[in-house]
Each structure stands twice: as structure tokens, then as C-alpha cells.
Amino acid sequence: MRTVFSKFSLVLFGLLAMPSFAADMPDPEQFILDRADAILERIDSKREAIRADQAVANRIVEEELLPHIDVDYISRLVLGKHWRSASDAEREQFVAAFKGFLLRSYAQGLAEFTRDKFKVLPLRGEANPKRTIIQLEIYREQGAPVPVAFTLRWTGEEWLVYDVIIEGISYVRNYRTDFNTEIEQKGLGSVIERLQGETIDAGLSDGSDSKAEG
């Protein structure tokens, strides 16, 4: 069963800006479309190689997707109070482990991703540099389209994704709850060790409900 992120993220985890600042921001909807086109162009040129060698898929995700995901910011959000109490070394280890976790998860099923699997919906209202949500529909072979939303923030130089919401489930919130429980019971080192060998264990089978798991 393919992971939710491997299907959805390839379509690829505040206050209103002043008008002059907003005018300098690129269209966030176009940002998502451009990222999806760049990834799909790479997939189309190497689809058989991706099927034969997972390292090819990993390289595409590392080069085309991860630079546009705010891994540092997501790490702070999902760790919450534990980020503040962690040492610099623990923070670096967590960010590295979480980045690898995302890379492996996104790379799963990459060869099967095509342009007809998703639709980016028009942005509602004005883009907000602190928090802008771009909504999509993801199409399965059976069943109704799945609503997915990417949450972005403007860094002053570029848009970065910092959350994915699937059928109302925020992955930042989901993993913050999961990690908090494990850290309280076993310590931050346990979470880091687990992430180093895991992928996101959640997916959609055709015609079934989606489920987020930690």
C-alpha cells in the first residue's frame, strides 16, 4: 500500500502582509503547480529507472521536493516544548532523521505518479505570508476524490511547505501528539532512532478511507 505522502506530496509540512509586501510574493498556487511539473518532468524521463532503483527516486525527491519543504520549521512544530529543552546536538539529529524520514516516504511509489492523479484548486482569498493553504483533489482509481491541502509560509525569499492536511488531518499535529507521547515515555533519542529507519505508515487503498498513523 503506497503511503499518503508519496502520493500526495509530489503534486508535488498569522498576520496579513502589508500590500507592498504581498505584491512581491509569487503566486502560491503557481508555486505548487511549478513544483509538481518539475517533479513530473523528472519522473517522465526516468520512470523505468525509478522502478529499477530506489536511489533514483530518492535523488529526485532530494533535489526537486525537499528544498521546498521547511524541515527545520516542521521539526520545531512537531517537537513543540521538547524542541526548547533539546540540546543543539539533539536538534540537529532530529532534523536530519526527520528529513530522511520524509525523503524515504515521499519517494515510495514515485514511478506511478502521473499528471492525471491530482487537481490544484483556485486559492480562496489573498495569499497570507504567515499561513496560506493551497487545496488539491487527489484522484484514486475508485471512490471520491480525496481533499488534500498544503500549508505554506513565505520566508521573504520563497514559499515553503510546512504541513499537509489530508481529509482534515494535519500531519504536523498528528506527529506532535505521537512524538510527545514517545518522548515522555522513552526520550527524544527513541524518536530519532525510530525515524532513522521508518517511512510514513499511512496510505490509501482504492475505495478505502485514508488513515494517518504515527
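Predicted model: local features only at pLDDT ≥ 70, side-chain atom pairs only at ≥ 80, totals over all residues.
1. Asp37 is placed in helix α3, which covers residues 28-52. Is Asp37 buried, exposed or partly exposed? The relative accessible area of Asp37 is 38%. Because buried requires under 20% and exposed requires over 50%, Asp37 counts as partly exposed.

2. The secondary structure of the chain consists of nine helices and five strands. Read from the N terminus, the order of the elements is α-α-α-α-α-α-α-β-β-β-β-β-α-α.

3. The five strands make up an open sheet with antiparallel pairing, in the order β1-β2-β3-β4-β5. Its edge strands are β1 (118-120) and β5 (169-170), each of which pairs on one side only.

4. Strand β1 runs antiparallel to β2 (residues 132-138), and three bridges join the two. Which residue of β2 stands opposite Lys119? The residue in question is Glu137.

5. Some totals for the chain complete the note. Of the 214 residues in the chain, 48% are buried. The chain exposes about 10,800 Å², and 46% of this area is supplied by carbon and sulfur atoms.

Conventions
Residues numbered from 1 in each chain as written. Heavy atoms only, no water. Helix = DSSP H or I, 4+ residues; strand = E, 2+ residues; numbered from the N terminus. Buried < 20%, exposed > 50% of the residue type's maximum accessible area, 1.4 Å probe, protein only. Pairing = 2+ DSSP bridges. Areas by Shrake-Rupley, 256 points an atom, 1.4 Å probe, with all protein chains shown as cover.
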